[in-house]
Amino acid sequence: MSTTSEAYERYVGDPGENYQKYFVPTIGEPAARRVVETADVRPGETVVDVACGTGIAARLVAGATGSPGEVIGVDPVGPMLEVARRVGPGIRWLQGRAEELPLEPDTADVVICSQGYQFFSGKPEALREMTRVLRSGGRAVIGTPGPIPEAMIEISETIRNNVSPEAAGFVSVVFSVHDPGAMEDAMSAAGFTAVQAENRPLTLRVPPPADFFWQYVTSTPLAGVVSKLDPVRRAALEEEVIDRCARFVEDDGMTIEPGFLVATGRLA
Ligand SMILES: C[S@@+](CC[C@H](N)C(=O)[O-])C[C@H]1O[C@@H](n2cnc3c(N)ncnc32)[C@H](O)[C@@H]1O
């Protein structure tokens with residue numbers, strides 16, 4: 001057994017910067033692209049990206065519409081917003097929670113939210129906030145990943161075995177919202193009409209197991225827990241991931257296929 005992980009040393013760094021560098025190109029952008037395509041934003045519309053992270057969905061909107069109205073990104077985490085401000089000039093970035101959006105009523109034509117809703121502790125409140133900030137006739141598009149793909153089950157089990165059940169629980173939360181019927185009910189209960197949800201897999205190409213694992217971990221809230229581990233424990237984590245994920249490796253990487261739920265609703 002090795003006593004240190006060279007791959008971890010390669011990727012350890014600021015989680016916001018790592019998120020933008022590693023997570024966004026492989027996972028964030030393909031997911032956000034589907035949300036933004038569904039939103040079909042037209043020139044002049046004002047768009048709010050809730051749980052914007054480093055802002056990939058907001059940037060795709062700004063690029064797609066040519067002459068958008070305003071694009072506003074909202075996220076509670078300062079370091080994510082710092083990166084968003086750097087890579088997304090021309091977009092208004094605001095610090096705030098989905099459950100208490102820092103926006104006036106009737107601000108937006110479109111609310112988008114890619115891979116954030118599953119983390120909201122107050123989901124009904126967040127949906128009601130979306131209806132509050134939308135103008136009459138406006139629409140919301142919410143994308144969430146799940147069910148969990150097999151490779152991520154293996155990664156979650158490795159984290160459970162070598163870190164803690166609580167740390168593995170983060171991965172479960174990531175993939176926890178994927179049922180179209182339940183999402184339609186939640187949006188209808190919040191006051192949306194013409195609600196529709198559909199789950200179609202995303203095909204994602206990611207690096208081989210050790211690189212993917214450390215890129216993922218160092219881009220998420222798991223970064224803090226893993227940084228406190230003994231180097232020998234980190235090496236054991238890596239060995240187990242390589243072993244458990246060997247069957248997913250093809251050529252120079254892995255293909256993973258999480259489900260992806262996209263739900264839309266209108267404000268009457
Ligand atoms: C996986 S990232 C998705 C970021 C971005 N939408 C994207 O597609 O790359 C999840 C984001 O949800 C944010 N988040 C977590 N809880 C939140 C809450 N209660 N309100 C708003 N955002 C929240 C996190 O700060 C994080 O930036």
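**Sheet edge and ligand shell**

Modeller: Helix α8 (residues 180–189) lies across β6 and β10, running at about 155° to β6. Axes are lines fitted to C-alpha atoms, for helices over the stretch in contact (C-beta atoms, placed from the backbone, within 7 Å), and angles run from 0 to 180 degrees between N-to-C directions. Helices (H or I, at least four residues) and strands (E, at least two) are DSSP runs, numbered from the N terminus. This is a predicted model: local features need pLDDT of at least 70, side-chain atom pairs count only at pLDDT 80 or more, and totals for chains, interfaces and linings use all residues. Residues are numbered from 1 along each chain as its sequence is written.

Biologist: Thanks! In which sense do β6 and β10 pair?

Modeller: Antiparallel, over five bridges, with β10 spanning residues 260–266. Strands count as paired if DSSP finds at least two bridges between them. Asparagine 199, for one, has leucine 261 in β10 as its bridge partner.

Biologist: And what is the strand order in the open sheet?

Modeller: Its seven strands run β3-β2-β1-β4-β5-β10-β6, with mixed pairing. β3 (92–95) and β6 (193–199) are at the edges with a single partner strand each, so one side of each has no neighbour in the sheet. The twist from one strand to the next averages 15°.

Biologist: Switching topic: how many residues surround the ligand?

Modeller: 20, and the closest are Gly28, Ala51, Gly53, Ala98 and Gly116. A residue is near if its C-beta atom, placed from the backbone, lies within 6 Å.

Biologist: Which element gives the largest share?

Modeller: α2, with three residues. α2 (15–39) and α3 (56–65) are the elements giving two or more.

Notes. Contact = placed C-beta atoms within 7 Å.
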